[in-house]
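Student: I have a sequence and a model open on my screen. Can you take me through them?

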Amino acid sequence: MPYKTIITEVQDHIGLIRLNRPDALNSLNAELIKELGESLREFDGSNKVRVIILTGSEKAFAAGADITEMAKKDFNSVSNEDFMGDFQNNFLRIRKPIIAAVSGYALGGGCELAMMCDFIIASDNAQFGQPEINLGVMAGLGGSQRLTRFIGKSKSMDMNLTGRFMNSDEAERCGLVSQVFPKKTLMKEVFAIAAKIAEKPLTSSRMIKESVNRSFEVSLSEGLLFERRLFHSLFATDDQTEGMNAFVEKREPRFRDK
Ligand code: COA
């Protein structure tokens, strides 16, 4: 499907979505939000895609929600349309793993978008921040909630209250990102990581995504029970038989998503 604000492609079962509003540093306007939602749903439903990469440009993953659009809104309009509500809820319904490949600015809604993905891999020029306070508002897409779970209260308060930016070293140190690579090799490295995930049985990767994400929603005992039941259910798949037999027979498994 042709899009105006994003570029999509599929390579070796990896679905790539590249945010593409270079003149506005990939800020999230209504059109981009709509197209991003459509492309994610399309990839989630496609048997050609097993893992999704979401990225931007070298200069900006996304510099936040589009401020020129938001400047026209008032309390009644954002409240009545539940601004960002559907976008977030629909994003969270995607069941395939999503990797955020972040280069440059990931600010405000951009940082929040990266955190809505399943994990973040950053380049050494990445800058994360929740600078909404400078606009007279605050985070509204997870910046005070997910960020706190990622990096703890003290740093989250610091980021949200001062609006300062965090570089990739600090982001890796405090657990916001899983790995950092030089800007020039970021996409090669992220594709290699995605390729590794794409080789695995899809039912397992979907359930792992659900289980890790569930850990943020429920108590430890409920989470452990949920995890154990998913683990048990995977014993109903042919891929479990194949994976374990291949290990015992000292050969590579041939997973068939059955
Ligand atoms: N919404 C709309 N437009 C944005 C934008 C946003 N969130 N962020 C950047 N842009 C636009 C700029 O207005 C500028 O447009 P112009 O060329 O028509 O003037 C263009 O993108 C380039 O940005 P510019 O500010 O000139 O680049 P820079 O390298 O000097 O600074 C940033 C980069 C990211 C530090 C700066 O653009 C910025 O602070 N952006 C806003 C970040 C923010 O507050 N995000 C949270 C929003 S909720």
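Predicted model: local features only at pLDDT ≥ 70, side-chain atom pairs only at ≥ 80, totals over all residues.

Student: How many helices and strands does the protein chain have?

Tutor: Both are DSSP runs, numbered from the N terminus: helices are H or I with at least four residues, strands are E with at least two. On that count the secondary structure comes to twelve helices and ten strands.

Student: Why is the protein chain called as compact as a globular protein of its length?

Tutor: The radius of gyration is taken over C-alpha atoms, and the globule rule is 2.2 Å times the number of residues to the power 0.38. For 258 residues that rule gives 18 Å. The chain is as compact as a globular protein of that length because its radius of gyration is close to that, at 19 Å.

Student: What percentage of the 258 residues is buried?

Tutor: Buried means under 20% relative accessible area, exposed over 50%, and partly exposed in between (1.4 Å probe, protein chains only). Buried residues make up 44%.

Student: Which residues come nearest to the ligand?

Tutor: A residue is near a molecule or strand if one of its heavy atoms lies within 4 Å of it. There are 17 residues around the ligand. The nearest are Asp23, Lys59, Ala63, Ala65 and Ile67.

Student: How many residues of that shell are nonpolar, polar and charged?

Tutor: Ala, Val, Leu, Ile, Met, Phe, Trp, Tyr, Cys and Pro count as nonpolar; Asp, Glu, Lys and Arg as charged; the others, Gly among them, as polar. The shell divides into ten nonpolar, three polar and four charged.

Student: How far is a polar backbone atom of Ile67 from a nitrogen atom of the ligand?

Tutor: Take Ser27 and Ala65 along the way. A polar side-chain atom of Ser27 lies 3.5 Å from a ligand nitrogen. For a polar backbone atom of Ala65, the distance to a ligand nitrogen is 3.0 Å. For Ile67 it is 2.9 Å.

Student: How much of the ligand does the protein bury?

Tutor: Accessible areas come from the Shrake-Rupley method with a 1.4 Å probe; for residues, only the protein chains shown count as cover. Taken alone, the ligand exposes 860 Å². The protein buries 57% of that.

Student: Is Ser123 buried or exposed?

Tutor: Ser123 sits in strand E7, residues 119-123. Its relative accessibility is 0%, so Ser123 counts as buried.

Student: Which side chain makes a polar contact with the side chain of Ser123?

Tutor: A polar contact is a pair of N or O atoms within 3.5 Å; within protein, one must be able to donate a hydrogen and the other to accept it, and residues adjacent in sequence count only if both atoms are side-chain atoms. For Ser123 the pair is 2.3 Å apart. The partner is Asn125.

Student: Where is Phe181 found?

Tutor: Contact means heavy atoms within 4.5 Å. Leaving aside neighbours within four places in sequence, Phe181 touches residues including Ile121, Ser123 and Leu186. At 14% relative accessibility, Phe181 counts as buried. Its place is strand E10, residues 179-181.

Student: In which helix does Ser156 lie?

Tutor: Ser156 is buried, with a relative accessible area of 4%. Beyond its neighbours within four places in sequence, Ser156 contacts Gly143, Ser144, Leu147, Thr148 and Ile151. The helix, residues 153-162, is H7.

Technical notes. Residues numbered from 1 in each chain as written. Heavy atoms only, no water.
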